[in-house]
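Subject: Structure handover and notes

Hi there,

Here is the structure I promised to pass on. Please open it alongside this message, and read the notes below when you have a moment.

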Amino acid sequence: MNNYTQTTFGLAPNYSMELVDSKNNTQWETEENSLADMELVVEGVAIPVITTLGLVGNILSIIVLHSPGIDMKVTFREVLTMLAIFDSLFILCASISFSLPHLSEHWKVWIHPHLFPWILPFIQISLNGSIWSTVSVTIERYVSVVHPRHWFCTFSSIIYIVPVIFLTVLWNIPRFMELKTCYRIINVSGSIKLPEICPTFLRKNLSYTRDYILIANFLVMALIPFLLLAVLNYLLFRTIQDSGKKNRKTTTRQKRDQKIAAILIFVVLVFGCCNFVRIITNMYEVCLLALHGEAKETWPAWCELLTFLSHFLLVFNSSINIVIYCWKDEKFRNVLFRLLGLSLNSKPNIGWILAVRTAAIIGDTAMQEGSFDLLTKDSPDPSDRKLTRQETTESCIMDIKPMVRRNDTLDSMLEENTEIECSDACL
């Protein structure tokens, strides 16, 4: 095992702590072997599988989000696209850094020490970008749903995208100067230079470790974004809940925005659960630093276990969004299924939809004029009971349905990209 732990928000090597050198070597070796086995299963097997599925899912999400039938605001779609890009970059870099060393000894010994010092900054940039993209999309939904007539709604997606990219890149510039590749000379049939990952002078600096890596990153990557997400999603939830009580005063566009906001709330809940382990390890390290100054306390086995568990949860969180979109949004699911050729339902028959609309109109007219003979041939005397609007509409449909089936010309009117929405009053 390396002489450093992979912490710093469950990701980066932290040289401020060292693993315990137990006096009982046998017990320590047993614990380390158990951890190594679990780490192999999580990082060597589970993460590569999730990464493959996640990359495919994020690519499909980007394609669907730019399809015309998705019925989402352009600003919201573009911010979600940014989130998918950051998620894809993160799971790719995380898999290269944490999974490949378990799968290839050659990669672990000869390639990983040269590559990791350069991949680490991109891991942090993508993780930071994913976090603040979630905050950004939450702000967009908050403005659209809670303040739909605010002047801020007229802004393009640039107002949400540029600050996130600027913050994530600028904030993580020091990461490029944390690690370097050094060499250890071993004598096996001659001198061999074995590459290793070593901290730079900056990374060894106590003030840098304490003030930037631990405290500042805890604020920027954990506390502040989670507080914003908690407050904004609470306000979104309250707005959606209140609008349900005033459904008649809500337009179709507002209903769609609120439905998408409900999907976002679920995304944020999954995001919070998957990032919780990362926050625990970081808070533990911050507390040790506050109590012991130089943080020379031992690093327990449970923190080592939480570290690679955090890797898995973060990769899982960056891969699961497409499942949430499909589960909670029928329009997203339909567009995706059509894209994959998996649509089980045939396209709507335009003749049948016209029949439903016609039936609704005839039903309303019949109810207003009191002429129920055509609609209720086998029903009791209309004077005995009043037919509801749904009953008269269904009766009209049964009368018109045979004629619609015989009219093949109506089916030919349905083109590939035609989208027909029948109002709730017709269905």
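What follows is a short tour of what was found in it.

Some ground rules come before the details. This is a predicted model, in which local features need pLDDT of at least 70 and side-chain atom pairs count only at pLDDT 80 or more, while totals for chains, interfaces and linings use all residues. Residues are numbered from 1 along each chain as its sequence is written, and side-chain values use heavy atoms, with hydrogens and water left out.

**The chain as a whole**

The chain holds 15 helices and four strands; these are DSSP runs numbered from the N terminus, with helices being H or I of at least four residues and strands being E of at least two. Of its 427 residues, 46% are buried (buried is under 20% relative accessible area, exposed is over 50% and partly exposed is in between, with a 1.4 Å probe and protein chains only). Among contacts in the chain with a separation of 6 or more, 75% are between residues 24 or more positions apart; a contact means heavy atoms within 4.5 Å.

**Aromatic rings**

Searching the whole structure gives eight aromatic pairs. The rings considered are those of Phe, Tyr and Trp (its six-membered ring), and they pair if their centres lie within 6.5 Å; planes under 30 degrees apart are stacked, over 60 edge-to-face, and the rest tilted. One of the pairs is F226 with F271, which is stacked because the ring centres are 5.5 Å apart and the planes are at 25°. F226 sits in helix 8 (residues 206-245) and F271 in helix 9 (residues 252-292), so this pair ties together parts that are 45 residues apart in sequence. F226 is partly exposed at 21% relative accessibility, whereas F271 is buried at 3%.

I279 is found in helix 9 as well, and is buried with a relative accessible area of 13%. Not counting residues up to four places away in sequence, I279 touches F218, A222 and F226. The C-alpha atoms of I279 and A222 are separated by 6.7 Å, although the two residues are 57 apart along the chain.

Elsewhere, ring pairs join W171, Y208 and Y212 into a cluster. W171 belongs to helix 6 and is partly exposed, with a relative accessible area of 22%. Apart from residues up to four places away in sequence, W171 touches N128, Y212, A216, N217 and V220. From W171 to N217 the C-alpha distance is 9.3 Å, across 46 residues in sequence.

How do helix 3 (residues 74-98) and helix 6 (residues 158-171) pack? Their axes are 10 Å apart, at an angle of about 20°. Axes here are lines fitted to C-alpha atoms, for helices over the stretch in contact, and angles run from 0 to 180 degrees between N-to-C directions. Helix 3 and helix 6 are therefore roughly parallel (under 35 degrees; over 145 is roughly antiparallel, 65 to 115 roughly perpendicular, and the rest oblique). T75, E78, V79, M82 and F86 of helix 3 meet Y160, I161, V164, I165 and T168 of helix 6. That contact has seven nonpolar, two polar and one charged residues, where Ala, Val, Leu, Ile, Met, Phe, Trp, Tyr, Cys and Pro count as nonpolar, Asp, Glu, Lys and Arg as charged, and the others, Gly among them, as polar.

The axes of helix 11 (residues 321-328) and helix 12 (residues 330-340) come within 5 Å and cross at roughly 110°, which makes helix 11 roughly perpendicular to helix 12. I322, Y325, C326, W327 and K328 of helix 11 make the contact with E330, F332, R333 and L336 of helix 12. By class, the residues of this contact are six nonpolar, no polar and three charged.

**A lysine over two rings**

K328 has its charged end over the ring of W327, 4.4 Å from the centre. K328 also lies over the face of F266, at 5.4 Å from the ring centre. The criterion is NZ of Lys or CZ of Arg within 6 Å of the ring centre and within 35 degrees of the ring normal.

**Two more residues**

H311, in helix 10 (residues 301-317), is buried with a relative accessible area of 1%. R184 lies in strand 3 (residues 179-187) and is partly exposed at 39%.

Best wishes
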